[in-house]
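Please read this briefing with the sequence and the structure side by side. It covers a sheet, a helix, nonpolar cores and aromatic rings.

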Amino acid sequence: MNGESAYELQYSRTVYTLAQQQGSKLLPLVSREDLRGEKKFFETVGPTTVRRRTGKFEDSPVIETPFGRRAIIPHDYDWGDFCDPFDEMRMTIDPKMPVVQAGRSAMGRAIDDEIIEAIFGLGWEGDDGRNPVPLPTSQVCPPTVGGTSGNTGLTLGKLKWIRKRFRQSEIDLDVPGNEIYMAISAAQHDDLLGIVQISSSEYNSTKVLVDGEVRKFLGINFVQVERLKVGAGDLRQCGAWIKSGVAVAMPKDITATMGPRADKSNAWYAYLCMSVAAARKEETKVIEVPCLEA
């Protein structure tokens, strides 16, 4: 930590945290798994079919049930910072806890980055978890949906497309754990405010717009995350998912160690570390929604 900017010369007894995402926004919106060891596998069972009998004493059927295996692999993170004792003497505040909170917030953002990568990136399956599985194009909403020409922002048409696609995959949205969540940026939230079916109470039996915030519409729960990538053509990579379709495991939760370091002139030091893994469990439970962001 560079303490010179917080010297008593500023006459302030309050530490002001600059604008930043405080912790993870996405962790409560995915399923949690236990993990010990190098990796964990999810055993999956696909749909099978039945045979219509056409006569008596037919041979017994053998209809193989498709099994699969999906891997979730952890990544390790750490962070550390010093508080110089001579800097502390010149300050009117104790900087230790704000320093630790800044580190914890950074850890939370790293968790969100892992979840975002799991949603849009490669899944890994097979006996050893080394076979890459990209998100299929059938799970990508066309960027032109809801417009007359060219790419569009977040439109009513795209929201309806999301619900329709999940229903076509025969996902029971009434089952606990099958809630729909969607990560958007501030620009897409602004798009939502421009949808008359959201902004007007004439279209809704329950109030959708509360204090200028759209939290849920058409059964889709919205969360604003400014860490979503913007690709070619100013298309923001938004995503919708079913809670049970994305998993996070933390073999080591965020752990803090704090105290003086004798090897650094007895300066106070904070060290944080964690291990986090995220994976897409089912492609049919994730949808990429490219949105034009001018």
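In this predicted model, four strands form an open sheet with mixed pairing, in the order β1-β13-β14-β4. Its edge strands are β1 (31-33) and β4, each of which pairs on one side only. From one strand to the next, the twist averages 30°.

**Sheet and helix**

- Strands β13 (residues 246-261) and β14 run antiparallel and are joined by 12 bridges.
- The bridge partner of A247 is A279, which belongs to β14.
- Helix α2 (residues 96-120) lies across β4, β13 and β14.
- The direction of α2 is at about 15° to β14.

**Nonpolar cores**

- The largest nonpolar core has 53 residues.
- Within this core, I115, L159, M182, L192, F222 and W241 touch the most other members.
- Two or more residues of this core come from each of α2, α3 (156-168), β7 (180-184), β11 (220-224), β12 (235-242), β13, β14 and β15 (286-292).
- Which element gives the most to this core? Helix α2 does, with eight residues.
- A second, separate core is made of seven residues, including F42, I72, A247 and A279.
- Two members of this second core, A247 and A279, are also the bridge partners mentioned above.

**Aromatic pairs**

- The structure holds two aromatic pairs.
- In one of them, the ring centres of F82 and Y269 are 4.6 Å apart.
- The planes of these two rings are at 45°. An angle under 30 degrees would count as stacked and one over 60 as edge-to-face, so the pair of F82 and Y269 is tilted.
- This pair links distant parts of the chain, with F82 in strand β4 (residues 75-83) and Y269 in strand β14 (residues 267-280).
- F82 and Y269 are 187 residues apart in the chain.
- Is Y269 buried or exposed? Y269 has a relative accessible area of 18%, and the limit for buried is under 20%, so Y269 is buried.
- F82 has a relative accessible area of 24% and is therefore partly exposed.

**Charges over rings**

- Y269 also has a charge over its ring: the charged end of R261 sits there, 4.7 Å from the ring centre.
- K281 lies over the face of F42, 5.0 Å from the centre of that ring.
- F42, the residue under K281, is one of the members of the second core.

Methods. Residues numbered from 1 in each chain as written. Predicted model: local features only at pLDDT ≥ 70, side-chain atom pairs only at ≥ 80, totals over all residues. Heavy atoms only, no water. Phe/Tyr/Trp six-rings, centres within 6.5 Å; stacked < 30°, edge-to-face > 60°. Buried < 20%, exposed > 50% of the residue type's maximum accessible area, 1.4 Å probe, protein only. Lys NZ or Arg CZ within 6 Å of the ring centre and 35° of its normal. Pairing = 2+ DSSP bridges. Axes fitted to C-alpha atoms, helices over the stretch in contact; angles between N-to-C directions. Contact = heavy atoms within 4.5 Å. Core = buried A, V, L, I, M, F, W, Y, C linked by side-chain atoms within 4.5 Å.
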